[in-house]
Amino acid sequence: MPTIIALDVSLSMSRPIPNQTTGTGGPGGSGSENVLTYHQLAIQGVNYILDYLSKHARLEFVSLIIYSSLYEVLVDFTRDYDTIRQALHKIEHYDKTSLENVLVAVNNAFKTHWGSQNYCQIIFITDCGVGMGPSSLKNTIINIQTYKAACVAAAAAATAAAADGSSKVATIGSAGSGAVVPQPSENQWVGFSYPSKLSFMCLGSLATDSAFRCGTKLYQQLLDVSGQKGQLFIPRMKMKHESSESAGDEASPNVGDDGEDGLRQLTRASSLEAFETMCDTNYRQFEATLRCGGYFRLEDPITVWPAPLPYTARDLLGAETTKLMSRRLEVCGFLRMADIGSPMSVSRHLVLPRSITTSSSGGGASEQTEGGKGATANGGLKNGHGHSSAEERLEADIKAFYAKSDAGEHHAHDDHHGLDGADVNKESVCVLLHGALKVENMAALVLLGDSWYGFIYSYADGKKKWNLMLNVLPPGNDVVPWLGDLRYLGTLEDAFPGENPSFPIKADKRSYSQTIVVWIRQASLQSDIQKVLRHAKKLPEKTQHFYKELNRIRRAALSLGFVELLEGLANIFEREISTLPLSASPDCSMQLTHAAMELRKTNNRDLKSIIHALPTQYNQLG
């Protein structure tokens, strides 16, 4: 889940924060050279985001963009956060704010690196300047409203034309079907073309800054009009009685006519609190439990990264249903990687083991120090789940027996000592599952929710670091056609005598041809065309081979709807006629002219039709 940080470097960001306290407890310090500016608060906010990601999401790719009327990509997507910290010291201020230009730049930059299917976190840090002139935020909102209105009008016209009848539909389509759907210009932003969340970190005071109040309203209107998922994060200003409780007598120098306004101004603490709220909201870890089998110890607290998004499906009537992944992932069984193949997936995530002691609060630690009785009441401190006390006591005694050293360490038979031994061993279901899947080259079928499945398998990246990967399938029981209904998968013991239980099920006779045409890459199409041209230059000896390859390419182009290729081949043949050498056979030019004419005929657009060679005195077909 990449992150783009866009930092406003317009001249307004270089302003000092008004009404800064000058006491020892104030954020600005005692000298005029230590006056805090909006830009300095923004830099501190960026550093806080990087520190938060370093601690909670070290695998995040982050890019830094600065903008005013123009924009500049200071740091491209990277996991080296120190590079971004160093780039923050080289930032200069420029002219006015133009938000639409940088929104278009962010949209293009992300699509270039990640495509249109990945999810992106976009964070703008600004003082909510709205700009001036044609590039102002108000004009941007008006342009989006005009575009949305044009789209609604076009949809209404298309619906009305469909209701009138097929004859009117043909008339409207011929009059100008290309102008029905409006297209935004290259420099116009109407929303991001990929799933994303847009967060605005608004640095200012709603209580005392009227321009900031107007700016926040326009920024919120931008999110509402565009339909972009996002949120405005505004620092919470402490009132006079709240500040006096926390600061005590330090607020006394500000008592006066504008003392209350001074307490409601932007401060370093309030801005960092807003950044903390944003990070907790956007980068919250997805913590779950992985259970494997019926044995109560074969479950572990895990972290799924990046956090899975809600899956929204739309039926034929247009009704939307949203499904959330369960916090309890259960392994249903195991399949070979060759049997699974490459099914369509919604997303992929890393499965990381999570230590229950680091994520729990201090109350859990206090229960561990109260003795064995308190630990048993907590019910399995390692996995964080309550289990049968008899089974836990039996396993604790067995572990303590085998862990007893030859030196004759004292062995206590209480539950607390047994759990301590389990913590020292640090067994992990994730480690056990990863090692087994890697050695056996298999994957685990996991139940993610009601009729929702996924696969967990061992995966190695380019650096040869092995990880446990979760491949999330679309919701449903029959989403992998060659496996059938996932609810009815059984073990080898369930197979009937003489039945072949392996996948995929092989048919006695193949229903498809072996000579298939694959044009996934440009080089494959070029090689097929060059093969036809080589046969054409050897006419009349290669007449049969020439028309065989020509008909093969023609059928593949018609099957794919690539009718433009037929016109292109005809043009290539006509050009080859003019470049033939004098030693070439006259039949060569005659056959190329005949093939070009046949390719342009509309009656040859049928897949069953075949282009035959032109009988001449040279090829002896007549």
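Analyst: Two strands pair if DSSP finds at least two bridges between them. Helices (H or I, at least four residues) and strands (E, at least two) are DSSP runs, numbered from the N terminus. With that, seven strands close into a barrel of mixed pairing, in the order β7-β8-β12-β15-β14-β13-β11. On average, neighbouring strands of this sheet are turned by 40° against each other, direction ignored. Axes here are lines fitted to C-alpha atoms, for helices over the stretch in contact, and angles run from 0 to 180 degrees between N-to-C directions.

User: Before more detail, what kind of model is it and how are residues numbered?
Analyst: This is a predicted model, in which local features need pLDDT of at least 70 and side-chain atom pairs count only at pLDDT 80 or more, while totals for chains, interfaces and linings use all residues. Residues are numbered from 1 along each chain as its sequence is written, and side-chain values use heavy atoms, with hydrogens and water left out.

User: What is the mean pLDDT?
Analyst: The mean for the protein chain is 77, and 75% of its residues reach 70 or more; pLDDT is the predictor's confidence in each residue, from 0 to 100. Over residues 166-179 the pLDDT is below 50, and this stretch has four contacts in the model beyond near neighbours in sequence. Contact means heavy atoms within 4.5 Å. Residues 243-262 also have pLDDT below 50, with 11 contacts beyond near neighbours in sequence.

User: Now β2. Is it buried or exposed?
Analyst: Six of its six residues are buried, where buried means under 20% relative accessible area, exposed over 50%, and partly exposed in between (1.4 Å probe, protein chains only). V62, L64 and I66 point one way from β2, and S63, I65 and Y67 point the other way.

User: What does β2 pair with?
Analyst: β1 runs parallel to β2, joined by six bridges, and D8 stands opposite Y67. β3 (residues 71-78) pairs with β2 in the antiparallel sense over five bridges. I65 has V73 in β3 as its bridge partner. β2 and β3 form a hairpin with three residues between them.

User: And what covers the buried residues of α1?
Analyst: The cover includes β1, β2, α2, β4 and α9. Among the buried residues of α1 are Y38, L41, V46 and L53.

User: Different topic: how many salt bridges?
Analyst: The count comes to 13, a salt bridge being a side-chain nitrogen of Lys or Arg within 4 Å of a carboxyl oxygen of Asp or Glu. One of them joins K531 and E549, with the closest N and O atoms 3.3 Å apart.

User: Where do K531 and E549 lie?
Analyst: K531 lies in helix α17 (residues 522-536) and E549 in helix α18 (residues 543-560), so the pair ties together parts that are 18 residues apart in sequence. K531 is partly exposed at 31% relative accessibility, whereas E549 is buried at 9%.

User: What else does E549 meet?
Analyst: The side chain of R552 meets E549 in a salt bridge of 2.9 Å, N to O. R552 and E549 both lie in α18, three residues apart, about one turn of the helix. D528, K531, E549 and R552 are linked in a network of salt bridges.
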